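My notes follow in the order I checked them.

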Amino acid sequence: MAATAPDIGNYLCPDMEVDSWLRFQFHDLDFGGGAPCAFLPPNLPVEGLLIFVPSCKEEGGVDVFMSLLPDHVDHITSV
């Protein structure tokens with residue numbers, strides 16, 4: 001993720017948005033080539049966005065995607 005807002009603003013605020021896509025039946029989609037092997041959320045330039053999606057690997061499982069700026073990823077991995 002790359003910063004798309006100026007240093008002064010709200011993109012580094014401590015807010016977090018959590019979205020659940022667990023009820024969407026992505027694995028039941030078929031456009032003529034069979035079911036998708038994976039479903040990933042689009043690349044959104046919003047820090048603090050957390051999305052829950054049905055897992056492709058484990059039935060009944062949940063995959064979690066979270067967008068962070070590179071500086072914040074370094075901070076989390078060093079803890």
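I checked burial first: 20% of the 79 residues of the protein count as buried. This is a predicted model, and I read the values below with that in mind.

Next I looked up the total surface. The accessible surface of the protein comes to about 6200 Å², and carbon and sulfur atoms hold 58% of that area.

Then I listed the secondary structure. I found three strands and one helix in the protein. Reading from the N terminus, I noted the order β-β-β-α.

I turned to contacts. Among the contacts in the protein with a separation of 6 or more, 51% are between residues 24 or more positions apart.

I also looked up confidence. The average pLDDT of the protein is 75, and 73% of the residues score at least 70. Where is confidence lowest, and where is it highest? I found the lowest mean, 70, in helix α1 (residues 70-77). The highest, 87, belongs to strand β3 (residues 62-66).

Last, I went through the surface for nonpolar patches. I noted one formed by M16, V18 and M66, with about 280 Å² of accessible area for the three together. I placed V18 in strand β1, which covers residues 17-20.

Conventions:
Residues are numbered from 1 along each chain as its sequence is written. This is a predicted model: local features need pLDDT of at least 70, side-chain atom pairs count only at pLDDT 80 or more; totals for chains, interfaces and linings use all residues. Side-chain values use heavy atoms; hydrogens and water are left out. Patches are made of residues with over 30% relative accessible area and no salt bridge: like charges are joined within 9 Å, nonpolar side chains (Val, Leu, Ile, Met, Phe, Trp, Tyr) within 5 Å. Accessible areas come from the Shrake-Rupley method with a 1.4 Å probe; for residues, only the protein chains shown count as cover. A salt bridge is a side-chain nitrogen of Lys or Arg within 4 Å of a carboxyl oxygen of Asp or Glu. Helices (H or I, at least four residues) and strands (E, at least two) are DSSP runs, numbered from the N terminus. pLDDT is the predictor's confidence in each residue, from 0 to 100. Buried means under 20% relative accessible area, exposed over 50%, partly exposed in between (1.4 Å probe, protein chains only). Contact means heavy atoms within 4.5 Å.
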